[in-house]
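Let's take a walk through this protein together. Have a look at the picture first, and then we'll go through a few spots one by one.

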Amino acid sequence: MDARSSEYIPQVFRSFQGFNIRDIKEWTKAQRLEIHLEKIKDKEHFCRKCGCQLGRQDGRYRVTAQHMRIMSWSVTVSFWREKRDCASCKKVRSEAIDFISDTTPHVTKDLAFWINRLSEITSVLQVSILDGLDKKTCYKVDKHLLMRFLQGYKMPNVTQISVDEVYARSRKQPEGGRNKG
C-alpha cells in the first residue's frame, strides 16, 4: 500500500497533452499560480515547423507561458522544451507543444483563443488591460488569428471610389498656410 498523499488537481489544469503536473505553486498576496509540468515518459517528439518526428535530443530550455486566468488569479505554465535533430529540415528544431500558441511561445492556445474572442467585442488595448497582458502580445495573437480566418478571402475588384464631402468642404485650414490638397 502506498502511503503517499495525493494532491487534488482541478480538471482545468489537466489539459496539457504530453505532460503531467509535477507541482502547483501559489502566491496568495500576488494572486498568482504557477504550474510546473514534467514530460510523460516515451512521449513522441515532432518538429514545430514541418511536423516530422524528431531524432536525438540536442538540448532543452525552460518555457514559461501565460495561461487563462482563474477568477482574479494569473496562471503561468512552466516546463522544459526540448531541441532535437529534424531529418526533414536538416536542422536542430524545437519540439511542437500542443497547448502552446502558434503565434508566440509565451501564451497557451486557450489564452490566445480568449484574446481573440474578447477582441471581437472590444479593442485589443482594452483586452490587454483586462487580462494584464502585454499589448504587443495581444496584437500579435489577434493578427495571427485574423490572418488565418481571412486566408481564403478574395478582395473584390474596386469599381467606385467615394470622396468624403465633409472633409472637402471644411473651412478649417492646417497651420502654416498649407492647404489640404
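Predicted model: local features only at pLDDT ≥ 70, side-chain atom pairs only at ≥ 80, totals over all residues.

Met155 sits in the loop between H3 and helix H4 (165-169). Its relative accessibility is 69%, so Met155 counts as exposed, given that the cut-off for exposed is over 50%.

Now move to helix H3 itself, which covers residues 135-149. Its 15 residues reach 21 Å from the first C-alpha to the last, close to the 21 Å expected at 1.5 Å a residue. Which residues of H3 are buried? They are Thr137, Cys138, Val141, Asp142 and Leu145. Looking down the axis of H3, you'd find these buried residues within an arc of 125 degrees, so they line one face of the helix. That buried set packs against two other helices, H1 (109-121) and H2 (124-131).

Last stop: Cys52, in the loop between strand S2 (32-39) and strand S3 (54-70). With a relative accessible area of 32%, Cys52 is partly exposed. Setting aside neighbours within four places in sequence, Cys52 touches His45, Phe46, Cys47 and Ser88. And how far apart are Cys52 and Cys86 in space? C-alpha to C-alpha, the two are 7.2 Å apart, though 34 residues separate them in sequence.

Note on methods
Residues numbered from 1 in each chain as written. Heavy atoms only, no water. Helix = DSSP H or I, 4+ residues; strand = E, 2+ residues; numbered from the N terminus. Expected span 1.5 Å × (residues − 1). Buried < 20%, exposed > 50% of the residue type's maximum accessible area, 1.4 Å probe, protein only. Arc of directions from axis to C-beta. Contact = heavy atoms within 4.5 Å.
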